[in-house]
Amino acid sequence: MKRRTVPLTLLLPAAGAIAFLLVPLLGIVTRAPWSSLAGRLTDPAVTEALRLSLVVSGWALLISLLLGIPLAWLLARARVPGKPLIRSLVLLPMVLPPTVAGVALLQGFGRRGLLGDWLASVGVSLPFSTAGAVVAAAFVAMPFLVISLEGALAGIDPLYEEAAATMGAGPLRILWLVTLPMARPALVAGAALAWARALGEFGATITLAGNLPGTTQTLPLQVYLLLQNDPAGATALSLLLLAVAATILTALRGRWLPVGGGGR
């Protein structure tokens, strides 16, 4: 097939877009304190923030799986009234400014929020707690799982599930043994993206849970703190988070991200 010539009028803006996205990332890589990187990343405050980030993102992923899988199935398979509204509700945390998401969580689950009195009656207080950081991370991360899985579930032929039902399998057994295995690539991709989003959450976390070392100070919040007094340290942690994100995107190539195209 004849190779298509790229018009210069499109090539130049496209190259500008690539440079616009690439220069800040190269700035992190080239300005990172490579000589002291190991020491900075093993600093007790950094390792504690990393531990807390893994705990928070892990619990946020678990919540996203427990709640997001049924929601994705509902959007893909069930006939329920108001489905476009529900789908818009799922997408909303992805487009809200992070601090606005934090304010919304505070007004919903804070001490004076809609559910504040009920949560207090059962001994739960989310503001300035690790649980609050988990809730904030799950709120912004779950949509990535739901969107990825919904599209895959919608493309599965229901005949497979109907065949399992005729053999006596219940709804949960069908979901676990038939539906989810067929949607495994989308489930893995959605889970990885949700985890990465939870790992990098900043605005909603600091608004709802604050920035308390050992309790709510995750890696992104540690970056913010270091940026004020130690820009090199902030760059080192940014490099770590950048490496995690790049690894996830590379692993998801061909699952969430398209591979190949007409330009080959």
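## Glutamate 201 and its salt bridge

In this predicted model, glutamate 201 has a relative accessible area of 1% and is therefore buried. The side chain of glutamate 201 forms a salt bridge with that of arginine 197, at an N to O distance of 3.0 Å. Arginine 197, by contrast, is partly exposed, with a relative accessible area of 24%.

## The cavity

Glutamate 201 is also one of the residues that line the largest cavity. The structure contains one cavity of 30 Å³ or more, and the space within the largest cavity amounts to about 40 Å³. Besides Glu201, the lining comprises Ser53, Val56, Ala133, Ala137, Ala198, Leu199, Thr205 and Thr218. Helix H3 (44-77), helix H7 (130-154) and helix H10 (184-199) each give two or more residues to this lining.

Sorted by class, the lining has five nonpolar residues, three polar residues and one charged residue.

## Other salt bridges

Side chains of opposite charge can pair when their charged atoms come close. Four salt bridges are present in the structure. In one of them, the side chains of arginine 40 and aspartate 230 meet at 2.8 Å, N to O. Arginine 40 belongs to helix H2 (residues 37-41), and aspartate 230 to the loop between helix H12 (219-229) and helix H13 (231-251), so this pair ties together parts that are 190 residues apart in sequence. Arginine 40 is partly exposed at 26% relative accessibility, and aspartate 230 is partly exposed at 25%.

A further salt bridge joins the side chains of glutamate 48 and arginine 51, with an N to O distance of 2.7 Å. Both residues lie in helix H3, three residues apart, or about one turn of the helix. Glutamate 48 has a relative accessible area of 27% and is partly exposed; arginine 51 is partly exposed as well, at 39%.

## Leucine 119

Leucine 119 is part of helix H6 (residues 116-121) and counts as buried at 10% relative accessibility. Apart from neighbours within four places in sequence, leucine 119 contacts Phe109, Val124 and Leu126. Phenylalanine 109 is 10 residues away along the chain, and its C-alpha atom is separated from that of leucine 119 by 7.7 Å.

## Proline 158

Proline 158 is located in the loop between H7 and helix H8 (159-166). With a relative accessible area of 39%, proline 158 is partly exposed. Arginine 77 is 81 residues from proline 158 in sequence, while their C-alpha atoms are 8.9 Å apart in space.

How values were computed: Residues are numbered from 1 along each chain as its sequence is written. This is a predicted model: local features need pLDDT of at least 70, side-chain atom pairs count only at pLDDT 80 or more; totals for chains, interfaces and linings use all residues. Side-chain values use heavy atoms; hydrogens and water are left out. Helices (H or I, at least four residues) and strands (E, at least two) are DSSP runs, numbered from the N terminus. Buried means under 20% relative accessible area, exposed over 50%, partly exposed in between (1.4 Å probe, protein chains only). Contact means heavy atoms within 4.5 Å. On a 1 Å grid over the protein atoms alone, a cavity is a set of points where a 1.4 Å probe fits but cannot get out, and a pocket is an open set with protein on both sides within 12 Å along at least five of seven lines; lining residues have an atom within 4 Å of a point. Grid points are joined across faces, edges and corners, and a volume is the space filled by probe spheres set on the points. Ala, Val, Leu, Ile, Met, Phe, Trp, Tyr, Cys and Pro count as nonpolar, Asp, Glu, Lys and Arg as charged, and the others, Gly among them, as polar.
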